[in-house]
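Student: I am new to this protein and would like a friendly tour. Could you show it to me first?

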Amino acid sequence: MAVDELDTRILRLLLEQPRTSVREYARLLGIARGTLQARLDRLERDGVITGTSPSLSAAALGHPVLAFVHIEVTQGHLDEVGEALAAVPEIVEAFSITGGGDLLTRVVARDNAHLEDVVQKLISLPGVVRTRSEVALRERVPHRLLPLVESIGRAELGSRVPAARALGVLDP
């Protein structure tokens, strides 16, 4: 799905001012509310916008320890282990991966002892062969997509400029 310059501006506003109304977004962008709503609907339909829930802090919820736990799974048991991981509330994300291990999980805990308890729970799951944990010391780059969105928007705009010049729409 191509994201153009207007989509980029819309997505920037959504990320920077998530609690603003559609009417206010349209005013800030200088476009009709119907145009904005059509763009938002398309971005949702195309899977670019995947939710509208607030971002929560695990640390503020009493779980300041973050670890990445690699899980090696007995062959043929990946789906069952993946389903079992969903029942562990301290696992906030899990991915099938290549390389060393079969799954990579993002785990939050109250403290190191709690992290050990969670890891022991994971080891006891049927189909889990072993785990390897890495504790995050400090977040250096928070989860973000805006720089990616902006680079895609710039690339889209850049690809249209030569065509516009060729059509005589833009001056050289």
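**A first look around**

Tutor: The protein exposes about 11,600 Å², and carbon and sulfur atoms supply 54% of it. Accessible areas here come from the Shrake-Rupley method with a 1.4 Å probe, and for residues only the protein chains shown count as cover. Please keep in mind that this is a predicted model, where local features need pLDDT of at least 70, side-chain atom pairs count only at pLDDT 80 or more, and totals for chains, interfaces and linings use all residues. Residues are numbered from 1 along each chain as its sequence is written, and side-chain values use heavy atoms, with hydrogens and water left out.

Student: Which pattern does the protein follow along the sequence?

Tutor: Helices (H or I, at least four residues) and strands (E, at least two) are DSSP runs, numbered from the N terminus. The protein has 6 helices and 4 strands. Read along the sequence, they give the pattern α-α-α-β-α-β-β-α-β-α.

Student: Which residue in the turn of the E2 and E3 hairpin has a positive phi?

Tutor: Strands E2 (residues 91-96) and E3 (residues 103-109) are antiparallel, with 5 bridges, and glutamate 93 stands opposite arginine 106 in E3. The hairpin has 6 residues between its strands, and the one in the turn with a positive phi of about 90 degrees is glycine 99.

Student: Is threonine 8 buried or exposed?

Tutor: Threonine 8 is found in helix H1 (residues 5-16). Leaving aside neighbours within four places in sequence, threonine 8 is in contact (heavy atoms within 4.5 Å) with Val3, Val149, Glu150 and Gly153. Buried means under 20% relative accessible area, exposed over 50%, and partly exposed in between, with a 1.4 Å probe and protein chains only. Threonine 8 has a relative accessible area of 10%, so it is buried.

Student: How many Å apart in space are histidine 63 and histidine 114?

Tutor: Histidine 63 sits in the loop between helix H3 (33-45) and strand E1 (65-73), and is partly exposed at 21% relative accessible area. Not counting residues up to four places away in sequence, histidine 63 touches Ala58, Val108, Ala109, Arg110 and His114. Histidine 63 and histidine 114 are 51 residues apart in sequence, and their C-alpha to C-alpha distance is 9.4 Å.

Definitions and conventions
Two strands pair if DSSP finds at least two bridges between them.
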